[in-house]
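Subject: Structure handover

Hi,

Here is the structure I promised to pass on to you.

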Amino acid sequence: MCGIIGIIGKAPVTPLLVDALKRLEYRGYDSAGVATLINGHIDRRRAEGKLVNLEARLKSEPLAGTIGIGHTRWATHGKPSERNAHPIATDRVAIVHNGIIENFQELKDELVAEGRRFESDTDTEAVAQLLTSYLERQMSPEAAMGKAMGRLRGAFALVAMFSGRHDILMGARRGSSLAVGHGDGEMYVGTDALALAPFTSRVTYLEDDDWVVLSSSGCAVYQGTTKVERPEKRSGLSGAMIGKGNHQHFMLKEMHEQPAVIGDTLQSYLDPATRAVRTPSLPFDWNTVSRITMTGCGTAFYACMVAKYWFEKLARLPVEIEVASEFRYREPPLPEGGVCIAVSQSGETIDTLEALRYAKSQKQILLAVTNVPESAIARFSHAVLPTLAGPEICVASTKAFTTQLIVLLNAAIAAGRARGTLSREDEERLALAMIELPARINETLNMEDDYRRIAENTLAQARDVLYLGRGASFPVALEGALKLKELSYIHAEGYAGGEMKHGPIALIDDAVPVVVVAPSDSIFGKIASNFEHKIASNFEQVRARGGKLVLLSDARGVAKLGAKAETSIAVPDIDPVVAPILYTVAVQLLAYYTALAKGTDIDQPRNLAKSVTVE
Ligand code: M6R
């Protein structure tokens with residue numbers, strides 16, 4: 001949602017704060033700001049819009065100081081404006097904050113009744129004013145923070161800097177992530193280890209309800225009034241991992257990283273020599289699982305959709321999937337012996353975390369598939385299956401999604417083996433298909449000019465685009481439509497092929513391209529035998545209404561149907577079970593090049609944020 005950073009340094013900190021904000025900008029980018037202490041007084045610079053605006057401001061009005069805090073914002077309370085940009089400050093304290101203070105109105109009413117004047121529309125200001133009220137009652141910053149923690153409700157991470165106190169910064173977290181970085185005579189605090197990576201690899205992750213006092217020589221962590229120990233760990237992240245390299249956009253870099261990160265992920269989950277999945281040690285036996293419930297948001301939810309096909313087919317396990325934001329409020333009964341799998345790149349999406357909380361209340365075993373093993377969702381779960389995608393900076397998810405699929409496919413194979421529903425022969429076949437996948441993805445990426453042509457000539461000219469897919473290609477169609485929407489702002493919808501005639505067909509005319517995701521085989525014998533018939537009938541329905549067909553299929557599918565399409569691409573041949581992963585790369589390329597043709601902000605699309613830690 002928002003990115004936060006704080007530094008107690010030996011030299012001027014503003015350049016370091018801005019540098020860290022650049023790494024955090026993917027979390028939110030509608031305003032940004034920094035504050036430092038100058039002769040004991042809080043001074044700040046803030047700017048609406050992207051970080052470049054703040055940088056321009058700092059060029060004309062530099063900010064000195066060796067202690068400071070910074071923020072990049074995705075607005076929740078109060079519109080994006082300089083007035084609502086963080087740091088939010090009084091004359092005693094400056095705050096940067098990520099998350100939501102749910103009882104801010106109640107606190108505000110109390111504080112206004114005390115005679116305090118609020119200057120912003122943010123919930124954050126309630127924290128700044130509350131701390132100020134305590135400080136004015138002669139409490140120390142430590143006592144004020146400890147007391148404030150007892151008053152705040154909601155999910156948040158915050159960092160506070162106090163006027164007259166060049167020696168300390170304070171942080172606090174509940175629900176949202178916050179990490180402390182240990183330097184040499186310098187200390188850092190930020191949203192995650194990624195923000196701190198160029199400064200230090202020595203990181204302490206804070207737990208829920210922790211508050212921390214940083215000085216130049218270390219930190220002390222508290223829960224309530226009790227001092228607690230939190231270990232210092234080595235973060236494997238390096239500054240180089242979060243650059244764009246030679247690529248124009250993070251998205252392009254991350255798409256091109258897919259062969260490598262899928263290879264890395266496979267190394268953990270598969271033994272290439274024996275072509276057998278490595279069964280991760282899990283706190284349950286697949287044989288006693290009564291049902292799997294899978295949940296996630298956005299792209300992560302589509303990973304659940306694909307995995308449903310795999311678990312049902314390969315392990316013969318019943319699977320329910322549900323968008324996390326609906327699941328948590330629907331409160332469905334969940335059977336004893338059930339496993340709830342939460343899928344989340346960031347591991348901090350609040351809807352997914354709350355869905356897990358509900359599943360726990362229903363006595364489900366919780367399994368997290370996440371890219372951030374230290375995240376809230378990972379820590380809340382009984383077991384974690386990490387995706388080894390490395391940091392994903394582009395707001396639109398690419399490599400995180402394909403590695404989620406790899407992890408879930410391996411889990412489904414492990415379940416199938418344990419339950420005796422998958423033969424050794426099939427396991428070897430699928431293992432081999434996964435081992436070949438990085439090479440097939442490379443071939444697909446090498447064909448990017450073909451995708452670019454379709455993007456420029458067809459998709460970028462359209463106002464609406466339909467994506468169709470059958471079986472496990474249906475979620476790929478949904479993902480293709482989501483990617484196109486978020487990156488190019490073109491309206492797009494994904495449909496199960498057979499559904500088109502039940503409504504969406506009304507939209508089709510010569511201005512509406514229809515992208516058909518159609519590997520020529522399927523894990524479902526029924527569709528396999530009817531493939532040509534079913535896809536061909538979709539084709540005829542679209543053609544009869546003047547629609548422009550874009551066919552994504554393999555050589556066999558293109559040979560059969562390519563002539564009927566306005567344009568087609570032969571995706572490399574791959575085992576149909578693994579095909580959703582490869583075809584995902586194809587729809588990513590279409591979305592990327594359409595956005596490039598439209599000139600949109602690819603890495604930071606309007607209105608979006610990388611991780612959504614508020615409802
Ligand atoms: O971090 P998460 O995987 O939990 O995030 C879930 C969604 O917010 C995310 O996948 C979103 O849909 C992306 N912008 C998709 O590209």
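First, the ground rules. This is a predicted model, in which local features need pLDDT of at least 70 and side-chain atom pairs count only at pLDDT 80 or more, while totals for chains, interfaces and linings use all residues. Residues are numbered from 1 along each chain as its sequence is written, and side-chain values use heavy atoms, with hydrogens and water left out.

**Ligand site**

The ligand is surrounded by 13 residues, the closest being Ser344, Gln345, Ser346, Thr349 and Glu486 (near means a heavy atom within 4 Å). By class, this shell has seven polar, four nonpolar and two charged residues; Asp, Glu, Lys and Arg count as charged, Ala, Val, Leu, Ile, Met, Phe, Trp, Tyr, Cys and Pro as nonpolar, and the others, Gly among them, as polar. Helix 9 (298–315) and helix 16 (473–488) each supply at least two shell residues, and helix 9 gives the largest share, three residues. Helices here are DSSP runs of H or I with at least four residues, numbered from the N terminus.

Alanine 300 is found in helix 9 and counts as buried at 10% relative accessibility, where buried means under 20%, exposed over 50% and partly exposed in between, with a 1.4 Å probe and protein chains only. Alanine 300 and serine 397 are 97 residues apart in sequence, yet 8.7 Å apart in space, C-alpha to C-alpha.

**Helix 19**

Helix 19 (residues 579–598) should span 28 Å, and its end C-alpha atoms are 29 Å apart, which agrees; the expected span is 1.5 Å times one less than the number of residues. Just after helix 19, glycine 599 takes a positive phi of about 75°.

**Cysteines**

How many disulfides are there? With a disulfide being a pair of cysteine sulfur atoms within 2.5 Å, the count comes to zero. The sulfur of cysteine 394 is 18 Å from the closest cysteine sulfur, in cysteine 297, which is too far for a bond. Cysteine 394 is buried at 0% relative accessible area, whereas cysteine 219 is partly exposed at 27%.

Best wishes
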